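The following exercises concern one protein model.

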Amino acid sequence: GLNFIDLMVRQGNIDNPPKTPLVPGFECSGIVEALGDSVKGFEIGDRVMAFVNYNAWAEVVCTPVEFVYKIPEDMSFSEAAAFPMNFVTAYMMLFEVANLREGMSVLVHSAGGGVGQAVAQLCSTVPNVTVFGTASSFKHEAIKDSVTHLFDRNADYVQEVKRISTDGVDIVLDCLCGENTGKGLSLLKPLGTYILYGSSNMVTGETKSFFSFAKSWWQVEKVNPIKLYEENKVIAGFSLLNLLFKQNRGGLIKGVMDKLLNLYNNKKIKPVVDSLWALEEVKEAMQRIHDRGNIGKLILDVEKAPTPLVS
């Protein structure tokens, strides 16, 4: 699976970036080739998907058994590689952090991306949830049925949301950061929850630019705890990778995966795969995410031959 965090790793825009050389990637699907001595519950030949702490973009991957899950019979390998990061992130933000319930409203940025589509699908499993989404205008036709109200990512979505819902929304899911933080907080209803789960505005052109990085942080308004108290607002952060690999919450995430696979088997959710790419095409695949051209998830497929360039 190819995720926006992979672009941030490439540019060094994360806390403690790993030393090169490294193999990127945090999720994959495949067939079990070998087992550790004490591994139970899996057999050689099983179809599985897994979280990996780097090294996922490879032909052979090794990861602790607690991060590995069996793939449902009717799920393809590409769907399985698109499943863990996006759906666990969306589920935990909505249900574990923000306590989504019937009749609530949610604002999600990058509604056409992997997490955005997972959020929209999971919201549809709860009655009467209103989903406000922002996305590039060329994606609107393709995703208009997945969200209730769709806005151009460059438009003044704050005014648009307030026009439809005068007192704002219950949940804001922000993967952009920068100036959107203040906007998101301003849209929260009393007892509403704002969750920052990424900072894609930090990713600039081909190279890491300190000035654009600083500018994005500079636009983040200072959060005043007294103001939060007076306005009854909740501000939260969510990082699935830190939860898995730094804070040892693999058991909690296994419980979430069980619920998600149950929803998949009941045909309530289904990962959206944008496109498949050969490993040699990773530069072009990353550019597609960078340009926000994708609807759903990009997958690197080790068995796919590169597409010949048309002369």
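**Exercise 1.** Determine whether Glu303 is buried or exposed.

*Solution.* Step 1: the relative accessibility of Glu303 is 74%. Step 2: buried means under 20% relative accessible area, exposed over 50%, and partly exposed in between, with a 1.4 Å probe and protein chains only. Glu303 therefore counts as exposed. Step 3: Glu303 is located in the segment after strand S11 (297–300), where helices (H or I, at least four residues) and strands (E, at least two) are DSSP runs, numbered from the N terminus.

The model is predicted: local features need pLDDT of at least 70 and side-chain atom pairs count only at pLDDT 80 or more, while totals for chains, interfaces and linings use all residues. Residues are numbered from 1 along each chain as its sequence is written, and side-chain values use heavy atoms, with hydrogens and water left out.

**Exercise 2.** Describe how strand S11 is placed and which strand it pairs with.

*Solution.* Step 1: S11 pairs with strand S10 (residues 273–277) in the parallel sense over 4 bridges; two strands pair if DSSP finds at least two bridges between them. Step 2: within this pair, Ile299 of S11 has Leu276 opposite. Step 3: Lys297 and Ile299 point one way from S11, Leu298 and Leu300 point the other way, and all are buried.

**Exercise 3.** State the strand order of the open sheet of 6 strands and name its edge strands.

*Solution.* Step 1: the order is S6-S5-S4-S7-S8-S9, with parallel pairing. Step 2: strand S6 (149–152) and strand S9 (234–237) are the edges, since each pairs on one side only. Step 3: inside the sheet, strand S7 (residues 169–174) and strand S8 (residues 188–196) pair in the parallel sense over 5 bridges. Ile171 stands opposite Thr193 in S8.

**Exercise 4.** Classify the packing of helix H3 (residues 84–97) and helix H4 (residues 114–123).

*Solution.* Step 1: two packed helices are described by the angle between their axes and the distance between the axes. Step 2: H3 and H4 pack at an angle of about 50°, with their axes 8 Å apart. Axes are lines fitted to C-alpha atoms, for helices over the stretch in contact (heavy atoms within 4.5 Å), and angles run from 0 to 180 degrees between N-to-C directions. Step 3: H3 is therefore oblique to H4; angles under 35 degrees count as roughly parallel, over 145 as roughly antiparallel, 65 to 115 as roughly perpendicular and the rest as oblique.
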